[in-house]
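Let's read a protein model together, one feature at a time. Keep the viewer open as we go.

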Amino acid sequence: MSATAVYPGSFDPITNGHVDIVRRSLQVFSRVVVGVAFNPNKDSAWFTPEERVAMIQETFRAEGERVVADAFSGLLVDYAAAKGAKVIIRGLRAVADFEYEFQMTMMNRHLRPQVETIFMMTGESHFYTSSRLVKEVASLGGNVSGLIPDNVVPLLLQRAVAAR
Ligand code: PNS
């Protein structure tokens, strides 16, 4: 197995779609670093970077050292290099994801050609799951169980009430 891969994202919050991608990645890589991206100057996230990291750590507690989470700001390729990762993992759902992912991959390749981006297809039960939609559903009083890890549900509901 190759060593370390970085799985970056906003993770605001982590969904079961993200969990699915991490689990698939663990079949290929011995260690996955889940990198929570944040912008210190402009972040409209529901959760602080520390809260997002804590939710991810709790979700993957059983995986021990094989999954680590932390937060970063700045360029993703620099973060990957700092973590000793030659691979960036991104999840793909529908065709709609492609354009955005293609652009990011090419830009990252331009910035640091040594880092390769690998895509994993999300399990079909997660094709419609996104952090954005999960927050919208929660804030409108809809049922989010099964869409996000169980440990994240109470935190999301708490934040949804505050957002109303
Ligand atoms: O979960 P998201 O919001 O789709 O993740 C997007 C993310 C965090 C991967 C992307 O915004 C990112 O790489 N941010 C770090 C800043 C960066 O490196 N930008 C230039 C490369 S495109």
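Q: Which elements do the buried residues of helix 2 pack against?

A: A friendly word before we start: this is a predicted model. Now to helix 2, residues 49-59. Its buried residues pack against helix 1 (16-25), strand 2 (29-37), strand 3 (67-72) and helix 6 (153-163).

Q: Which residues of helix 2 are buried, and why do they line one face of the helix?

A: Start with the general idea: an α-helix has 3.6 residues a turn, so residues three or four places apart point the same way. Here, the buried residues are P49, R52, V53, M55, I56 and T59. Looking down the axis of helix 2, you find these buried residues within an arc of 160°, so they line one face of the helix.

Q: What is the volume of the largest pocket, and which residues are the closest to its centre?

A: In general, rolling a probe the size of a water molecule over the atoms shows where empty space is left. In this model, the largest pocket has a volume of about 1,200 Å³. Its lining counts 43 residues, and those closest to the centre are G9, S10, R90, Y100 and M104.

Q: Where does the lining of the largest pocket come from, and what classes of residue does it have?

A: Strand 1 (2-9), helix 1, strand 4 (87-92), helix 4 (98-111) and helix 5 (131-139) each give at least two residues to the lining. Helix 4 supplies the largest share, with seven residues. Sorted by class, the lining has 16 nonpolar, 17 polar and ten charged residues.

Q: Where does F11 lie, and what is its phi?

A: Most residues other than glycine have a negative phi, and most peptide bonds are trans. F11 lies in the loop between strand 1 and helix 1, and its phi is near 50°, a positive value. P13 also lies in the loop between strand 1 and helix 1, and the peptide bond from D12 to P13 is cis, with omega near 0°.

Definitions and conventions:
Residues numbered from 1 in each chain as written. Predicted model: local features only at pLDDT ≥ 70, side-chain atom pairs only at ≥ 80, totals over all residues. Heavy atoms only, no water. Buried < 20%, exposed > 50% of the residue type's maximum accessible area, 1.4 Å probe, protein only. Helix = DSSP H or I, 4+ residues; strand = E, 2+ residues; numbered from the N terminus. Arc of directions from axis to C-beta. Contact = heavy atoms within 4.5 Å. 1 Å grid on protein atoms, 1.4 Å probe; cavity = no way out; pocket = protein on both sides within 12 Å on 5 of 7 lines; lining within 4 Å. Points joined across faces, edges and corners; volume = space filled by probe spheres on them. Nonpolar A, V, L, I, M, F, W, Y, C, P; charged D, E, K, R; others polar.
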